[in-house]
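Subject: Structure handover

Hello,

Here is the structure for you to look through. My notes on it follow below.

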Amino acid sequence: MMSKPLILNAFEMSCVTHQAPGLWRHPDNRADEYNRLAYWTELAQLLERGGFHAIFLADVLGVYDVYRDSAAPALRDAAQIPVGNPLLQIPAMAAVTERLGFGVTIASTYEHPYSLARTLTTLDHFTGGRVGWNVVTSYLNSAARNLGLGDQIAHDDRYGIADEFLDVAYKLWEGSWEDGAAVRDREAGVFTDPEKVHPIRHHGTHFDVPGIHLGEPSPQRTPVIFQAGASPRGQEFAARHGEAIFINGLTPKLTRRTTDSIRDKAEAIGRPRDSVKILTLATVIVAETDELAQEKYADYRSYVSLEGALALYGGWSGIDLSTLDPDEPLTYVDTDAARSALSIFTKADPTRAWTPRDIAEYVGIGGIGAVIVGSPTTVADELERWIEVGGVDGFNLAYVVTPGTFEDIVDLLVPELRRRGRLDDGGRAGGTLRERLTGDAVIAGWHPAHAYRGAYVGAPSAADSSASLVSTPA
């Protein structure tokens, strides 16, 4: 029986400290070069050589200021601040690679579907169909305040906005322009046939978008939809929209509850169970032998900043652990931040009592995800255990030091994964990210976006009176 190939993404962010607070001080870490374009192009080439499917770019539009009610701890440890725009390095990385995909995190709460649809269509053109969108709703109050919302929108309400946001985007990407609308007929002097371009006439609760999409169809039309919701409402959203779903897990056995729940929800709405590609966060520290890997891990741990870890965790959970006894076990509390960041510790494993100190030490390397340490054989065995026991399809691999963590993975771990048939140089045949992840040339029939493919054929077009742009909602 052949081994199932796994999906392998590099988990990155346009910042200094992503998932390993304090490690920016390590002499082997070049993370402080995040603001140099050469850093990103060199990393992209390394990942492509290693057969990674994609680089998955995290993002936040705010500062981690919950811990000690101040931004100072995050600033001192460069805990996801300073942070750049994750969209801007993608064309440069695409220009030096052929297969590597690009998953980019964008919060629907602070965008508009009309303009963002154009941005992602442009990126999909420039990358040859290698773009995915990690749809998030944001979780930092500081982002809401600085973007004019005052307080953060309630957790489940943000998902309601996101549902309509995606509905608008799907109409623009899949329905507004028919196949062949851009005829490029030099002799006739017609670039686009206006009869094949249609206003979407969307009038909803949160958005009014009457007109046509600004971009001609890109290779994928709709970018691959990633999603990272772990709350009940988040899982419902992910089951409906997510082609690939990103989760956190402490152990494979505990994670199986989440993967089964997501697949159950997807199946309940008529989606094939195996269409859900689930990725979990992991940090791999690999060396030639188990002993050398443990030595490397011990060296890394000596650089961990517990203050930086608690600053990150405060933003993720909405809880300021500086106000609690560091050795007092936590209980679950609902917040409007990222609920999974709290529930994963206080609810996922009822046999363990987590204290603030425990959480800070755990988050210090790898964030809220597994840390796997060992030789190539040991690490590959553990990744396979996560696949078989945890029910995941692959991993978003975070770094401790960069590019060193990824260099070790490419040079040491990847050959072992290839030997086992677990890695196939970026996935199935085909040029787009969707083809490599799922084998589908276009968005699958189960996906809500598919309903808009050709949905406006015969409807009012851009050749008609401009009154068609503001007609009765479809």
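**Notes on the structure**

Pro403 is in the loop between strand 13 (394–398) and helix 14; helices (H or I, at least four residues) and strands (E, at least two) are DSSP runs, numbered from the N terminus. The bond that leads from Thr402 to Pro403 is a cis peptide, with omega near 5 degrees. Another cis peptide bond, with omega about 0 degrees, links Ile81 and Pro82. Pro82 sits in the loop between helix 2 (72–76) and helix 3 (90–95).

On the source: this is a predicted model, in which local features need pLDDT of at least 70 and side-chain atom pairs count only at pLDDT 80 or more, while totals for chains, interfaces and linings use all residues. Residues are numbered from 1 along each chain as its sequence is written, and side-chain values use heavy atoms, with hydrogens and water left out.

Arg184 is not a glycine, yet its phi is positive, near 55 degrees.

Next, the cavities. The structure holds two cavities of 30 Å³ or more. A cavity is a set of points, on a 1 Å grid over the protein atoms alone, where a 1.4 Å probe fits but cannot get out, and lining residues have an atom within 4 Å of a point. Grid points are joined across faces, edges and corners, and a volume is the space filled by probe spheres set on the points.

The largest cavity has a volume of about 40 Å³. Its lining consists of Val284, Ile285, Val286, Lys296, Tyr300, Thr405 and Asp408. Two or more of the lining residues come from each of strand 11 (277–286), helix 9 (290–301) and helix 14 (404–419). Strand 11 contributes the most, with three residues. By class, the lining of the largest cavity has four nonpolar, one polar and two charged residues; Ala, Val, Leu, Ile, Met, Phe, Trp, Tyr, Cys and Pro count as nonpolar, Asp, Glu, Lys and Arg as charged, and the others, Gly among them, as polar.

The second largest cavity has a volume of about 30 Å³. Thr121, Leu172, Trp173, His213, Gly215, Glu216, Pro217, Ser218 and Arg221 line the second largest cavity. That lining has three nonpolar, four polar and two charged residues.

Regards

How values were computed
1 Å grid on protein atoms, 1.4 Å probe; cavity = no way out; pocket = protein on both sides within 12 Å on 5 of 7 lines; lining within 4 Å.
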